[in-house]
Amino acid sequence: HNGLKGEVEVGAAFEYAYAGFGFGVGKPMEGSSKKFMSVDASNWVNICMEYESSASFNVELINSDSLNTYTEGNFYKASFPKAVVRQTKCVSISKDFKQETNWGNTITKEDALKDLAAIEFRFEKSADFYIRAIAIGLK
């Protein structure tokens, strides 16, 4: 099999429980295996995925530590629906990615894209998933 197949289990230990994983889009920061340098992703048009998942999940655009501190973790995100059979879905960077408005601080999408460090997949419900392919559309 190609891709990433797994299972996440989300318990009720925390008020806003979730399970997530992700990957850096820039080079690893010197001396760290968990932090990545940010890149300018302002030329990204969409993110497409071929996947299956027993629950919906979000894809979040994770910014550098300095913007993360300012936004209090309120990242731009887009939702991918539950898909019990293989499907391909594209989310538009300009239309589908939003920041929540009821907590944290907001920044412009342009500023967020110019300082992109990672992409995270965030499940708020337990799920089995299989991400077969991810593609980034560019201008």
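Reply: The aromatic cluster

One aromatic cluster is made up of Phe21, Phe23, Tyr51, Phe57, Phe80, Phe121, Phe123 and Phe129. The model is predicted, so local features need pLDDT of at least 70 and side-chain atom pairs count only at pLDDT 80 or more, while totals for chains, interfaces and linings use all residues. Residues are numbered from 1 along each chain as its sequence is written, and side-chain values use heavy atoms, with hydrogens and water left out.

Two rings (of Phe, Tyr, or the six-membered ring of Trp) form a pair if their centres lie within 6.5 Å; planes under 30 degrees apart count as stacked, over 60 as edge-to-face and the rest as tilted. This rule finds ten aromatic pairs. One of them is the stacked pair of Phe21 and Phe121, with 5.0 Å from centre to centre and 20 degrees between the planes. Phe21 belongs to strand E2 (residues 19-24) and Phe121 to strand E7 (residues 116-123), so this pair ties together parts that are 100 residues apart in sequence. Strands (E, at least two residues) and helices (H or I, at least four) are DSSP runs, numbered from the N terminus.

Phe21 also pairs with Phe123: the ring centres are 6.4 Å apart and the planes stand at 25 degrees, so this pair is stacked. Here too distant parts of the chain are linked, since Phe21 is in strand E2 and Phe123 in strand E7, 102 residues away.

Phe121 is buried at 3% relative accessibility, and Phe123 is buried at 0%.

Strand E7 has partners. Two strands pair if DSSP finds at least two bridges between them. E2 and E7 are antiparallel and pair over six bridges; within this pairing, Phe123 in E7 is the bridge partner of Ala19. Strand E4 (residues 57-63) is joined to E7 by six bridges, again in the antiparallel sense, and Ile62 stands opposite Ala118 in E7. Arg122 lies over the face of Tyr18, at 3.5 Å from the ring centre. For this kind of contact, NZ of Lys or CZ of Arg must be within 6 Å of the ring centre and within 35 degrees of the ring normal.

Another part of the structure is an open sheet of four antiparallel strands in the order E1-E8-E3-E6. Strands E1 (4-8) and E6 (83-92) are at its edges with a single partner each, so one side of each has no neighbour in the sheet. Neighbouring strands there are turned by 25 degrees against each other on average, direction ignored. Axes for such angles are lines fitted to C-alpha atoms, for helices over the stretch in contact, and angles in general run from 0 to 180 degrees between N-to-C directions. Inside the sheet, strand E3 (residues 44-53) and strand E8 (residues 127-138) pair in the antiparallel sense over nine bridges. Among these, Cys48 has Ala135 in E8 as its bridge partner.

Cys48 also takes part in a disulfide with Cys90, with 2.0 Å from S to S; a disulfide is a pair of cysteine sulfur atoms within 2.5 Å. The angle about the S-S bond is 110 degrees, and the link is right-handed. Cys48 lies in strand E3 and Cys90 in strand E6, so parts 42 residues apart in sequence are tied together. Cys48 is buried at 15% relative accessible area, whereas Cys90 is partly exposed at 39%.

As for the whole, the protein chain has three helices and eight strands, in the order β-β-β-β-α-β-β-α-α-β-β. Its radius of gyration is 15 Å, close to the 14 Å of the globule rule for 139 residues, so it is as compact as a globular protein of that length. That radius is taken over C-alpha atoms, and the rule is 2.2 Å times the number of residues to the power 0.38. The C-alpha atoms fill a box of roughly 40 × 35 × 35 Å along the principal axes, and 37% of the 139 residues count as buried.

Key:
Buried < 20%, exposed > 50% of the residue type's maximum accessible area, 1.4 Å probe, protein only.
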